[in-house]
Amino acid sequence: MTIKIEHRGEIAVVTVDNPPVNALSQVVRQGLLEAAKALDADPSVKAIVLTCAGRTFIAGADVGEFGKPPMPPQLPDLVSRIERAAKPWVAAIHGSALGGGFEVALGCRFRVAVPSASVGLPEVRLGIVPGAGGTVRLPRLAGVESAVDMVTTGTPLGARKAHVAGLIHSLIEDDLVTGAVSFARSILDRPLPDALCDRPVAVPPVGFWEAAERTVSARAKREEAPLKALACVRRAAETDFAAAIAFERETFLTLRGSAQAAALRHVFFAERAATRPPELAGLTPCMIRSAAVIGGGTMGAGIAAALRDAGLPVILVERDDGAIERGLANVRAIFDGAAKRGRISADVAAERMAGITATTDYAALADVDLTIEAVFEDLDVKRDVFARLADNCREDAILATNTSYLDPARIAERIRRPERFLGLHFFSPAHVMKLLEIVPTKATAPEVLATGFSLARMLNKIPVRAGICDGFIGNRILKITRAQAERLLLSGATPTAVDAAMRAFGLPMGPFEAQDLGGLDIAAFQRKAARARGEACFAPIADRLCAIERYGQKSGGGWYDYEPGDRTPRPSEAVAAVIAEEAQGSPRRDWDEDAIADCILWPMVNEGARILADGIALRPSDVDLVKIHGYGFPRWRGGPMHHAEAHGLDAVVETLRGLAGEGLAEPPCDRLLEAARRGGFSEVRR
Ligand code: T1G
Ligand code: NAD
């Protein structure tokens with residue numbers, strides 16, 4: 001039974017029960033509409049409490065229904081029916097009242113909530129705008145400023161803040177339904193506040209909309225929905241209720257069918273699928289109550305901070321006392337920075353730091369549940385560390401490496417019980433970047449792999465399982481991206497043009513700016529190791545730049561020149577000269593932005609297809625998540641594999657064949673050709 005009605009004297013309690021998150025499926029909408037009609041007709045009922053079973057209030061419209069033709073009753077009609085009901089409805093909120101769920105609550109005359117609840121209109125994160133009155137009723141309740149902030153960012157508000165803001169009438173500290181029923185009784189003898197549809201919108205100060213447009217547009221970059229949401233709130237402030245509702249609905253329906261909305265829905269479900277891969281179903285992860293990090297450099301410090309943010313006590317191990325000081329300073333800088341930016345308070349920063357103990361003594365790790373190694377990217381150094389860990393850690397403790405390019409199986413070759421070992425590949429800065437590549441070896445025990453995924457949930461990371469190859473999923477594709485960027489330079493493009501094209505495509509920065517930020521020496525180090533293994537690496541210009549110690553911002557110049565203390569990339573004559581020399585004899589052509597983007601993106605997709613064929617990634621959506629959460633690929637494009645499918649795989653294949661014909665890319669691989677034939681990567685069975 002999706003909708004249950006129970007009577008507590010003159011108060012009817014309507015409970016929605018549609019696991020997992022009480023989404024407003026057609027059945028739920030129909031059930032609520034019938035309940036509203038029945039209760040209005042029931043003379044014994046004086047007020048209605050709307051609540052939900054399970055872990056949350058209604059978390060929105062059923063996103064799974066978006067691709068299908070809309071079925072009646074439409075949500076706006078249901079919300080209006082509740083708003084116009086003869087008896088007052090009280091929404092009793094726990095968990096997350098989001099999107100359509102919060103819109104239903106705004107249709108109720110009153111809202112009460114437990115303090116741990118949250119309310120919000122996150123639709124812009126799905127590339128749409130609220131479609132059931134959220135942008136019209138919210139400004140009538142909270143004013144245009146809060147409404148603009150909530151609908152253009154999609155960020156939910158905690159119940160306590162929502163209470164202060166007047167969105168929630170009362171906080172229920174004890175049993176929610178009991179509290180809501182007594183609240184409902186308490187309002188029966190009071191004059192009812194006007195329904196939101198009958199209230200005016202307070203006029204904002206002069207210049208408010210222009211300023212809001214600048215702020216939202218700067219934050220949204222190429223995402224369409226936030227500015228559309230702003231336009232809906234403005235329409236609500238400048239026209240009557242009915243006109244504003246119609247405008248919002250039209251905007252919602254247009255955006256729902258948009259490419260950006262399809263891409264953001266793809267990412268929404270991919271992220272949820274990633275945290276619970278079917279191959280781990282039924283496995284119980286090991287408990288992680290304490291952790292250690294070996295190496296307090298760039299990555300070790302970030303990983304230690306992420307573990308502390310999740311509440312775990314951390315032991316930081318370094319080579320010597322000097323390195324310990326540097327390691328602790330690196331971690332302290334992270335927490336102090338977060339306090340300076342107001343993300344955490346100074347007290348929390350101090351408490352986080354207090355939870356880190358540093359030592360050079362591996363014996364201190366005798367009772368640690370999980371140890372993550374982040375020392376130099378050198379096989380012998382790492383093997384030595386794991387030999388000492390195997391000697392000092394509990395037999396059932398989990399051991400992990402953060403290596404970027406080395407083979408985790410070779411790192412763990414000599415340790416006892418290799419089944420407790422796996423790769424946990426964080427991305428820099430590790431306390432910020434959401435991606436965690438989880439790299440099991442053949443020996444890794446299933447429950448140890450499952451623990452990697454549960455750790456990701458603890459750290460609020462997006463886990464993606466990756467097989468073992470040079471660079472796993474992300475860095476393997478990055479190598480192709482960089483090679484393609486160099487091929488563009490050798491055939492007439494400039495670093496500035498390539499970076500501008502990729503920024504125009506939606507990346508936060510182009511491939512050359514990104515290398516200058518991270519340092520050209522890291523990839524050079526990796527190429528040296530790969531060449532020593534007999535692998536070919538195409539980076540003729542980067543090799544020349546490293547040979548003249550142009551490592552990027554850290555050396556005052558890389559692909560670009562930099563003024564001291566200034567991170568602005570400036571075109572470099574020295575680099576142009578190197579490019580000209582390397583390009584001698586290569587055919588040149590004119591490159592517009594789209595052609596540059598194609599020359600980088602489609603080879604990226606081709607490599608993604610190879611990665612799927614090699615079983616290094618299990619799902620095309622995993623490749624998308626890696627690029628979005630590890631390499632800044634625009635979320636609103638859905639990731640490279642989704643983007644290619646949306647673009648049309650036949651066109652991708654044709655462009656790749658053209659580029660290959662000019663020696664500017666590898667020809668399309670079999671997996672891509674098969675996906676084009678079958679109409680999608682997911683259609684191709686392994
Ligand atoms: N529709 C369908 N399925 C949903 C869903 C939704 N709205 N929300 C979650 N799920 C599924 C999810 O795929 C997963 O499934 C399971 O529930 C648990 O989710 C008109 C049109 C509520 C905070 O954007 O933010 O309303 O993988 O792993 O971490 O204006 O889910 O188990 O098969 O995320 O506890 C607006 C989206 C919709 C909220 C819970 N609402 N959901 O987080 O669990 S648009 C949203 C969330 C809208 C109206 C418009 C989170 C959550 P499976 P989970 P969680
Ligand atoms: P780093 O040079 O900044 O830090 C390495 C730290 O390890 C140093 O502080 C050093 O003192 C310490 N160390 C070395 N040998 C040690 C030992 N035997 N015992 C204890 N500590 C020891 O390097 P990093 O950039 O943090 O990289 C660390 C690892 O993470 C490497 O494997 C790298 O490939 C990987 N990684 C790096 C990045 C990145 O962007 N920097 C991203 C992902 C993964």
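Visitor: Which element gives the largest share of the shell around ligand 1?
Guide: Helix α11 does, with three residues. Bear in mind that this is a predicted model.

Visitor: How many residues surround ligand 1, and which are the closest?
Guide: There are 27 around ligand 1. Ala61, Gly100, Glu103, Glu123 and Arg272 are the closest.

Visitor: How do the shell residues divide into nonpolar, polar and charged?
Guide: The shell around ligand 1 has 16 nonpolar residues, five polar ones and six charged ones.

Visitor: OK, contacts. What lies 2.6 Å from an oxygen atom of ligand 1?
Guide: An N or O atom in the side chain of glutamate 103. Glu103 is also listed among the closest residues to the ligand.

Visitor: And which backbone atoms come up?
Guide: Two residues can be named here. A backbone N or O atom of alanine 59 is 2.8 Å from a nitrogen atom of ligand 1. A polar backbone atom of glycine 131 is 3.0 Å from an oxygen atom of ligand 1.

Visitor: How much of the ligand's accessible area does the protein cover?
Guide: The protein covers 75% of the 1,000 Å² that ligand 1 has on its own.

Visitor: Changing topic. Where are the cis peptide bonds?
Guide: One joins proline 19 and proline 20, with omega about 10°. Another runs from serine 428 to proline 429, with omega near -5°. For background, most peptide bonds are trans.

Visitor: Where do proline 20 and proline 429 lie?
Guide: Proline 20 is in the loop between β2 (11–16) and α1 (26–41). Proline 429 is in the loop between β15 (421–426) and β16 (435–440).

Visitor: What about phi for asparagine 22?
Guide: Phi there is near 55°, which is positive in a residue other than glycine. Most residues other than glycine have a negative phi. Asparagine 22 sits in the loop between β2 and α1, and proline 20 lies in that loop too.

Visitor: Is asparagine 22 buried or exposed, and why?
Guide: Asparagine 22 counts as buried because its relative accessibility is 2%, and the cut-off for buried is under 20%.

Visitor: And what is phi for asparagine 460?
Guide: For asparagine 460, phi is near 55°, again a positive value in a residue other than glycine. Asparagine 460 is in the loop between α17 (446–458) and β17 (462–465).

Visitor: Buried or exposed, that one?
Guide: Asparagine 460 counts as exposed, since its relative accessibility is 53% and exposed means over 50%.

Methods. Residues are numbered from 1 along each chain as its sequence is written. Chains are lettered from A and ligands numbered from 1 in the order in which they are written. This is a predicted model: local features need pLDDT of at least 70, side-chain atom pairs count only at pLDDT 80 or more; totals for chains, interfaces and linings use all residues. Side-chain values use heavy atoms; hydrogens and water are left out. A residue is near a molecule or strand if one of its heavy atoms lies within 4 Å of it. A polar contact is a pair of N or O atoms within 3.5 Å; within protein, one must be able to donate a hydrogen and the other to accept it, and residues adjacent in sequence count only if both atoms are side-chain atoms. Accessible areas come from the Shrake-Rupley method with a 1.4 Å probe; for residues, only the protein chains shown count as cover. Helices (H or I, at least four residues) and strands (E, at least two) are DSSP runs, numbered from the N terminus. Ala, Val, Leu, Ile, Met, Phe, Trp, Tyr, Cys and Pro count as nonpolar, Asp, Glu, Lys and Arg as charged, and the others, Gly among them, as polar. Buried means under 20% relative accessible area, exposed over 50%, partly exposed in between (1.4 Å probe, protein chains only).
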